[in-house]
Amino acid sequence: MNPLNLHDSYSCPVCRLGQIAALPLMDAMACNLCQQIFEVNLEKQQIKMPSRQPALIWNWNGKHWDSARLEGVELGWGYVFAAIALVLLPPSLIGLVILIHPPTPDTPLAWLPYVWASLGFIAHLAIVGWLVIEFYQFPLGLWFRSLPQQLRQQRIRNL
Ligand SMILES: [Zn+2]
């Protein structure tokens, strides 16, 4: 266990390759690779990336950073259940209707309820997927953007 302090350097939670170290005379840390600036809160043992609204926060657990979360947003089980309900409820409702009133086979548009149910499922799954990506993949996007920089540093190191 090593508490977060301003004298050590830590692996960067955004690019995961650089090191973040304290900036002189400031309660802030900066990454030597992706140049991200983080506000440091020693009391809460966390750093905040304010360059994005809502800000991203990482907690230091003594060994590594916990996964990022958005400031003021708690992703509890309520959200998980809501997401599952959003994906499963509409197609199951349609499915229920199909079960109760099966479309007469060999009539035009007999296939429509089935397609409708699958489309509903796919559409809602896409919405939830997009939200999850928006929430979790953000650091990954930054990581990709810092890739050219990382390669350049790698080349310098190999020379
Ligand atoms: Zn970095």
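Visitor: How far apart are the mean positions of the positive and negative charges of the chain?

Guide: In such a count, Lys and Arg are positive and Asp and Glu are negative, while His and the chain ends are not counted. Each charge is placed at NZ of Lys, CZ of Arg, CG of Asp or CD of Glu. In this chain, the mean positions of the 10 positive and 9 negative charges lie 11 Å apart. The model is a predicted one, in which local features need pLDDT of at least 70, side-chain atom pairs count only at pLDDT 80 or more, and totals for chains, interfaces and linings use all residues. Residues are numbered from 1 along each chain as its sequence is written, and side-chain values use heavy atoms, with hydrogens and water left out.

Visitor: Which elements make up the secondary structure of the chain, and how do they run from the N terminus on?

Guide: Helices (H or I, at least four residues) and strands (E, at least two) are DSSP runs, numbered from the N terminus. Here there are 4 helices and 7 strands, in the order β-β-β-β-β-β-β-α-α-α-α. The chain is more spread out than a compact globule, because its radius of gyration is 23 Å, well over the 15 Å that the globule rule gives for 159 residues. That radius is taken over C-alpha atoms, and the rule is 2.2 Å times the number of residues to the power 0.38. Along the principal axes, the C-alpha atoms fill a box of roughly 75 × 40 × 25 Å.

Visitor: What share of the residues in the chain is buried?

Guide: Buried means under 20% relative accessible area, exposed over 50%, and partly exposed in between (1.4 Å probe, protein chains only). Buried residues account for 28% of the 159 residues. C12 counts as buried because its relative accessible area is 1%, and C15 does so because its value is 0%.

Visitor: How many disulfides does the structure hold?

Guide: A disulfide is a pair of cysteine sulfur atoms within 2.5 Å. The structure has 0 disulfides.

Visitor: Where is L23 found, and which residues does L23 touch?

Guide: L23 sits in the loop between β2 (19-22) and β3 (28-31). Its relative accessibility is 23%, so L23 is partly exposed. Contact means heavy atoms within 4.5 Å. Leaving aside residues up to four places away in sequence, L23 touches A28, M29, A30 and I37.

Visitor: Where is the place of I84?

Guide: I84 belongs to helix α1 (residues 77-100). With a relative accessible area of 41%, I84 is partly exposed. I84 and V128 are 44 residues apart along the chain, and their C-alpha atoms are separated by 8.6 Å.
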